[in-house]
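Me: I would like to learn how to read the packing of helices and strands in a model. Could we go through it feature by feature?

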Amino acid sequence: MLPVDVIPAVRTALNTMGDNPGDLGPQPLMAELWTAAKRWRIADTMVALIAEELLSEDANATPRALLTRFLHRWDHMDASWADKTKPNTHERRQRIYKLLEVTDEFRTKCDRLIPARVEVEEPTVIADQHEEWYSEARKGQHGFYWNAYTRYLREENHWAEPSIIDLDRATDLVVERLSDPERRELYQTKGLVVGYVQSGKTANFTAVIAKAADAGYRLIIVLAGTLDILREQTQRRLDKELIGRELLSSRPEGSLEHDYAGDAEWGQFIRHGGRPSELGAFDWQRLTGAKEDYRSLRRGIDALEFVGRVLGRRYNDPANLHSSTARLIVVKKNPAVLKKLAKDLGALRGRLDEVPALIIDDESDQASVNTVKPGSDKERTATSREICGLLKTLKRAQYIGYTATPFANVFINPDDAEDLFPKDYIIPLGRPGGYMGVRDFHDLDGEKPEGFASKEKAFVRGVEGEDVADDNLLRAIDAFVLAGALKLYRQRQQPELRFKHHTMLVHRSHQMVDHADDADLVRSIYENAGYRGGAGLVRLKRLYVEDFEPVHDSQEPSLPFPQAFGELEPFIGECLQKIGSQPVGVVNGDVANRDQTPNFDKDRVWRILVGGTKLSRGYTVEGLTISYYRRRAGNADTLMQMGRWFGFRRGYRDLVRLFIGRAEPDGKRTVDLYEAFESICRDEEQFRAQLKRYSKQAHPRVLPRHVPPLVPSHMLMPTARNKMYNAQLVSQNFGGDLVERTMIPRNGSPALAANRELVSSLLDRFPPSRTTLALSFDGKQAETTALTCLVEHGEMLGVLQDYQWTKPGVLSPVIEFLQGGLGNPGIRDWLFFAPQVSDDNASARWSAGAVDFNVVYRARIDDSDRIKAFTEPRHRKFAEMIAGLRVGEPLNAATEKLVSPGRAVFLFYPCVDVERQTDETKSEKASRDIIMGFALLLPANSLSVQMAFKVRDESQQDAVVVDLTTDGAQPKRQRKV
């Protein structure tokens, strides 16, 4: 390890090059080290050692950490020295090495220790052109709080440099779309930022606030959820990471700026090195506190007065703006509180239309949106009305909604279009590094891997029957104790792994009346589990051997793990000690349980938390490792918000377990919550991919007003009787896509019989034959038997046009595309491809085209009209190869013969609808109406146009919604995008 006194030389050498676009960029490394060493009077013999330490095997070594920071920023930025190499590519990294003039040995070692981030997931932007005001020069001139925040994240929160770079990029995309706070003209923007559940949205909007305030925004209002704990959590986070000790510890009479005088983590609050106003920046004035929501100011109304120092100039003139104090208000989304704020704003003497204001709406799909049923005579909901009132009062205000549900009502309900619709931009954030989300609990890509390589097998444990059954709640609590012991073991082995919190979530009901009973049950099971010896240790050892050890070996083998269970036993006792005598807490809206709601910022929490809504909306359960979930949710966005088991799990990803109901009673049916959740997550993944694909089209752009028609039809709210979205999606370029729709009519519907006759008639004209196909794909060989035939394009188009769905028009954009609505789709013919799935118990067959088809069994999702999926991953591989979408090697002549340019595939599955009923027999299932299930695999094409829309009212082409009572509200004009 190098002496501490040589570290400044490393900083000097790298700082000379700089890590901003306007800086020099990479320079000959050794030359810069020699120059810096002389400046700091370091012996020549140390220079070579300094160079070696830049690539220390210890990732925490300061020289390596500094080099990592600069390398990743150089990888990312756009600068003239990059010589047109694209960011985050191998080509960019080689360019950097060339400029640094480093050896081949250095390059090889650096690629191993600090690899280029070639798979960075960039945010998607759906937006029109915007004013180019937020330049690097502007950011550099006014960047006090943003620079302080990045230092805090790096030094106090130990963020990796790539995460800071990603945050910088993502928040630039938001801030640059706000109106310039110095602008003379009034312009109000409204946008939506879509993150992932538990993925760091608070850090994102904290960074946006820092950058916006630096740029000149002087009134920041944060709408922080509907619960006191959420508001307090957000207030403390902003105070701790943005406002700073210098402003919080000064105690002017009557202020709230003394909340944290006795806080155990006061030493971890951000420091600026002096009052910001004395350092060339500006101060903050907080109008809400750690425990104090907004109150009417009465005589203290001057706290909200915005008066510039230079008389005769508008308040947002640069001469006034940048020396003015910024106000921060963190409020609960409560109509009474918002009404007080609006009243005080209305009483101000100054001109509010000169005050650059920013409204951050956290969990914007909750409470903010008008939930009155469209077409109802009732007024809009009170909270929504008050938020819209704030926007009308603050004419220079910019509104940013944050949500984790991309199907949020803010862009689905046309009644809100004029008030909260994100008319200016929608930005789905990329999946952050280190995040454990849907793809870590579900095998979404292809066939499910074998053993614990499967995400489901590794992390998900099905729950059926009574909670008191040994494999249910007891096993989940065992996993909680065992995981806690393993965390403590890892902390001993690698001290940099610090596990302040270790929690388990039990979520069985949203009703508070049930939570006390649930807590008593959990407490009883824990206290009688025998963890101090005997039966408890026997169970833990079995769980260690059968579950945790193989999952670790498969998922995270690089993390420390005991060689044998005996090494872990001392840490079990330590874990029980940390859990203590109060192992269970109830977290809900009941005032009587308020003291049981943990404050993760202030306290160390090793506990099992029982609750409902409070645990499913916005409230972050830190250190969450074991989740026990059996609550049904009525709609998609609510179900997605239940995913509290998502989040950042540094150092314990392999210990996470989800115990989830696989057969929850629902009248005569049972509901598989895991499958229902996966279905919604698939919708989200496909929707995000769709937005990313179409956002790349520049002429003309896909705009936020075009997004509602892209939302899957089964997710849409009913529209008002007298309003509709103006944009109608006519066609999309489906080239290269799998198109699978599963909104199928119920058993007994005449539509099922009509669909069977439709397909049967096609097969009478094009009789299929049985063939065996074989291919090699990704080093694996696969074989399947199928019934196939070639079908003319026009014939298949006729089938698709006449097929009947639960809702009309499900395939309309696809059919328009196949008819050439965007140009030639590049389809020459179709392969009718029906894999014959063998089932020893199958008692149903379907005959058509003089052949018998095996019938497969498919279940509906919950009690909806949707079936989870018709296709199977291994069959899709064959179809994708035939359609030219994946590279595979045909292993027999029959397969090779089917591969042809311009060939689309109709992947066909006759199936029966298996409704989950416990008293249902196989023969009863077989007697159901047979469904004609299918998916389409469409070959890629060279079309430049990606989408086509119609506008309902040609006279209002830019309107989000149109009034259907007007004469002009008719679909008239098709616009290609």
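Me: Which strands does helix H17 lie across, and at about what angle does H17 run to E11?

Reply: This is a predicted model, in which local features need pLDDT of at least 70 and side-chain atom pairs count only at pLDDT 80 or more, while totals for chains, interfaces and linings use all residues. Residues are numbered from 1 along each chain as its sequence is written, and side-chain values use heavy atoms, with hydrogens and water left out. Helices (H or I, at least four residues) and strands (E, at least two) are DSSP runs, numbered from the N terminus; contact means heavy atoms within 4.5 Å; and axes are lines fitted to C-alpha atoms, for helices over the stretch in contact, with angles from 0 to 180 degrees between N-to-C directions. Here H17 (residues 470–493) lies across E10, E11 (502–507), E13 (606–611), E14 and E16, and runs at about 165 degrees to E11.

Me: In what order do the six strands form their open sheet, and which strands stand at the edges?

Reply: Strands of a sheet pair through backbone hydrogen bonds, either parallel or antiparallel. Two strands count as paired if DSSP finds at least two bridges between them. In this sheet the order is E10-E16-E14-E11-E13-E12, with parallel pairing. Strands E10 (460–463) and E12 (584–587) stand at the edges with a single partner strand each, so one side of each is left without a neighbour in the sheet. From one strand to the next, the twist averages 20 degrees.

Me: How many bridges join E14 to E16, and which residue does Tyr628 stand opposite?

Reply: Four bridges join E14 (residues 624–629) to E16 (residues 657–661), the two running parallel, and Tyr628 stands opposite Phe659 in E16.

Me: What is the pairing in the open sheet of eight strands?

Reply: The pairing there is mixed, and the order is E1-E8-E2-E7-E6-E3-E5-E4. Within it, E2 (residues 190–194) and E7 (residues 397–403) run parallel and are joined by five bridges, with Leu192 opposite Gly401 in E7. Helix H10 (residues 201–215) packs on the sheet, touching E2, E3 (219–224), E4, E6 (357–362) and E7, and its direction makes about 180 degrees with that of E6.

Me: At what angle do helices H23 and H24 pack?

Reply: Angles under 35 degrees count as roughly parallel, over 145 as roughly antiparallel, 65 to 115 as roughly perpendicular and the rest as oblique. H23 (residues 750–765) and H24 (residues 793–802) pack at about 170 degrees, with their axes 10 Å apart, and are therefore roughly antiparallel to each other. The contact is made by Asn755, Leu758, Leu762 and Arg765 of H23 and by Glu795, Met796, Val799 and Asp802 of H24.
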